Amino acid sequence: MNKLRILLYMCIAVFTLNSCTDEVDPQDTPYITFETSSMDITFDQGGSVSQEVKVYAANTSDQERTVGIAVVGASTDVDAAAYVVPTTVTFAAGSNVAILNIDLTDVNMSPFASQTLVVSLTNAPEIYTGEDLTINVGLRCPNNGIKVKMVLGFDSWPEEVYWRLVDVNAGVIVLASQATPGYGAYAGMTGGITIQECVASGDYQLQIYDGYGDGGTSYVVTADGVQVANVGASSYGGSTAVNFSI
């Protein structure tokens, strides 16, 4: 008899739980979230861009709804003058999708460093909000240029260094350790230096000179992250040259 009662109670409990579950209506959940928690935005150096971001609600309403938007300053390293983020986003009556337009301009940005803009939905009474939106902001080189990165490793006499990057077809100096050919640009420096510039695609020659004639400075060059030249510190004397195309 006791076993029969236990079985009866278990059946009642299962039926009750199923009934409760069936009564849950997700459309009544007051939940709002960005379309994604992370996105990348890349635009031309010196330019600007307007990015459309969708915001979703779990339900609709017969009235217009407005939700607050805020920039998370502690997690954002994009210059405040470089972005325009509205302080609110509005859902039209009968819609569960709203559009947030974020404007970005090249202010204190670099093609060689990604920056972050973090945006949040501010909590309204009785509304649950999703994760913050993290935007990774980057720049492209203008005119489809190539990101060239040159890493120099000095010996104890960096003042002996002179180098230049020559456009072979145009016969012009594109980059150099200093405007006027000569030594001394890195006098007093230790360790090394990294040079990063945007250049046009083409054929180039890296020309390296050492004032004492015994080498001593290493050179590693990448173009859009791909290594195109590697000159060891002891692989040359007074001068050397490396050709590459990018």
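This is a predicted model: local features need pLDDT of at least 70, side-chain atom pairs count only at pLDDT 80 or more; totals for chains, interfaces and linings use all residues.

Is Ala223 buried or exposed? Ala223 is buried, because its relative accessible area is 10%, and the cut-off for buried is under 20%.

**The chain as a whole**

- The chain contains one helix and 18 strands, and buried residues account for 32% of its 246 residues.
- When contacts between residues at least 6 apart in sequence are considered, 68% of them join residues that are at least 24 apart.

**The five-stranded open sheet**

- Five strands make up an open sheet with mixed pairing, and their order across the sheet is S2-S10-S8-S4-S6.
- Strand S2 (38-44) and strand S6 (88-91) stand at the edges with a single partner strand each, so one side of each has no neighbour in the sheet.
- On average, and with direction ignored, neighbouring strands of this sheet are turned by 25 degrees against each other.
- Within this sheet, strand S4 (residues 65-71) and strand S8 (residues 115-121) pair in the antiparallel sense over three bridges, and Val71 stands opposite Val119 in S8.
- As background, strands of a sheet pair through backbone hydrogen bonds, and the pairing may be either parallel or antiparallel.

**Strand S11 and its two partners**

- S11 and S14 run antiparallel and are joined by eight bridges, while S11 and S16 pair in the antiparallel sense over six bridges.
- Leu152 has a bridge partner in each of these two strands, namely Ile193 in S14 and Tyr219 in S16.

**The surroundings of Ala223**

- Ala223 belongs to strand S16 (residues 218-223).
- If neighbours within four places in sequence are left aside, the residues in contact with Ala223 are Ile146, Lys147, Val228 and Ile246.
- Ala223 is 25 residues from Cys198 in sequence, and their C-alpha atoms are 9.3 Å apart in space.

**The disulfide**

- A search of the whole structure finds one disulfide, which is formed by Cys141 and Cys198 with their sulfur atoms 2.1 Å apart.
- This pair links distant parts of the chain, since Cys141 lies in the loop between strand S10 (133-140) and strand S11 (146-153), whereas Cys198 lies in strand S14 (residues 192-199), 57 residues apart.
- The torsion about the S-S bond of Cys141 and Cys198 is about -75 degrees, and the disulfide is therefore left-handed.
- Cys141 counts as buried because its relative accessibility is 5%, whereas Cys198, with a relative accessible area of 26%, is partly exposed.

**The salt bridges**

- In general, side chains of opposite charge can pair when their charged atoms come close.
- The structure holds two salt bridges, and one of them joins the side chains of Asp44 and Arg140 at 3.0 Å, N to O.
- Asp44 in strand S2 and Arg140 in strand S10 are 96 residues apart, and their pairing links distant parts of the chain.
- Asp44 is partly exposed at 37% relative accessibility, and Arg140 is partly exposed at 40%.
- Another salt bridge is found between Lys54 and Glu52, whose closest N and O atoms are 3.8 Å apart.
- Lys54 counts as partly exposed at 31% relative accessibility, and Glu52 is partly exposed with a relative accessible area of 42%.

Key:
Residues are numbered from 1 along each chain as its sequence is written. Side-chain values use heavy atoms; hydrogens and water are left out. Two strands pair if DSSP finds at least two bridges between them. Helices (H or I, at least four residues) and strands (E, at least two) are DSSP runs, numbered from the N terminus. Axes are lines fitted to C-alpha atoms, for helices over the stretch in contact, and angles run from 0 to 180 degrees between N-to-C directions. Buried means under 20% relative accessible area, exposed over 50%, partly exposed in between (1.4 Å probe, protein chains only). Contact means heavy atoms within 4.5 Å. A disulfide is a pair of cysteine sulfur atoms within 2.5 Å. A salt bridge is a side-chain nitrogen of Lys or Arg within 4 Å of a carboxyl oxygen of Asp or Glu.
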